[in-house]
Amino acid sequence: MACRISELVLKCRDPEVLARFWCEVLDFIVLDGEEDWIEIGPREGFGGPQPTIILSRNDDDRGNGRPRLHIDVNATDRDQDAELERLLKLGARPADVGQTGEEQWHVLADPEGNEFCLLKARLAPL
């Protein structure tokens, strides 16, 4: 099997403004959030056929060389460790973005250096 895209993470200056905008555009609702991020998604919530969008506060200008958008994926037919092994064999490599080591996800880069995260939860295939 494969992974599924479960979340798109967009860095932004004002998560509340973008949440209102994208909720109207996509007919999404606010699913979760804290001071520096808001997760929006379809009314059925996380894990459905559409990915959710996490709007993450970041006051840096776009010129800092870091991407403003990255993909989060979840395994569909194996646990996180087995999927990590599979992705590394496919050419992904670990990426350091300042994580502490306590996260429940792995930050990886594709063969061209684009960052993405492998999350812990397993999702049913569509």
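**Entry 1: β1 and β4**

I looked up E7 in this predicted model and found that its bridge partner in β4 is T52. I then checked how the two strands run: β1 and β4 are parallel, and six bridges pair them.

**Entry 2: β1 and β5**

Next I turned to the pairing of β1 with β5. Strand β1 covers residues 3-12, and seven bridges pair it with β5 in the antiparallel sense. I noted two facing pairs. I5 is opposite V73 in β5, and L8 is opposite I71 in β5.

**Entry 3: β5 and β8**

Strand β8 spans residues 115-118 and runs parallel to β5, with three bridges between them. I also asked how many residues of β5 are buried.

I wrote down the strand order. The sheet is open, has eight strands and reads β2-β3-β4-β1-β5-β8-β7-β6, with mixed pairing. Which strands stand at the edges? They are β2 (29-34) and β6 (93-94); each has a single partner strand, so one side of each has no neighbour in the sheet.

Strand β3, residues 37-41, is antiparallel to β2 and joined to it by five bridges. In this pairing, I29 has G41 in β3 as its bridge partner.

I went back along the chain to D27. This residue is in the loop that connects α1 (15-26) with β2. Its phi is near 55°, which is positive although D27 is not a glycine. For comparison I noted that most residues other than glycine have a negative phi.

F21, V25 and L26 make a nonpolar patch of about 260 Å². I checked F21 separately: it belongs to helix α1, and its relative accessibility is 46%, so F21 counts as partly exposed.

**Entry 4: the nonpolar cores**

I listed the largest nonpolar core. Its eight residues are C12, A19, C23, F28, I38, I40, I53 and L55. Which elements give two or more residues to this core? They are α1, β3 and β4. As background, nonpolar side chains tend to be buried together in soluble globular proteins.

I took L55 as an example and looked up its contacts. Leaving out residues up to four places away in sequence, L55 touches L10, C12, P15, L18, A19, D36, W37, I38 and I40. There is also a second, separate core of seven residues, among them V73, A92, L108 and L118. V73 had already come up, as the residue opposite I5.

**Entry 5: salt bridges**

I searched for charged pairs, since side chains of opposite charge can pair when their charged atoms come close. The whole structure has six salt bridges.

R57 is in strand β4 (residues 52-57) and D36 is in the loop between β2 and β3, so the pair links distant parts of the chain, 21 residues apart. I checked the accessibility of both. R57 has 33% relative accessibility and counts as partly exposed, and D36, at 39%, counts as partly exposed too.

The next pair was R78 with E83, with the closest N and O atoms 3.3 Å apart. Are these residues buried or exposed? R78 and E83 are both buried.

Then I looked at K89 with E85. Their closest N and O atoms are 3.2 Å apart. Both residues lie in helix α2 (residues 80-90), four residues apart, which is about one turn of the helix. K89 has a relative accessible area of 67% and is exposed, whereas E85, at 45%, is partly exposed. I also found one network, in which D77, R78, E83 and R86 are joined by salt bridges that share partners.

Conventions
Residues numbered from 1 in each chain as written. Predicted model: local features only at pLDDT ≥ 70, side-chain atom pairs only at ≥ 80, totals over all residues. Heavy atoms only, no water. Pairing = 2+ DSSP bridges. Buried < 20%, exposed > 50% of the residue type's maximum accessible area, 1.4 Å probe, protein only. Patch = residues over 30% accessible without salt bridge, like charges linked within 9 Å, V, L, I, M, F, W, Y side chains within 5 Å. Areas by Shrake-Rupley, 256 points an atom, 1.4 Å probe, with all protein chains shown as cover. Salt bridge = Lys/Arg side-chain N within 4 Å of Asp/Glu carboxyl O. Core = buried A, V, L, I, M, F, W, Y, C linked by side-chain atoms within 4.5 Å. Contact = heavy atoms within 4.5 Å.
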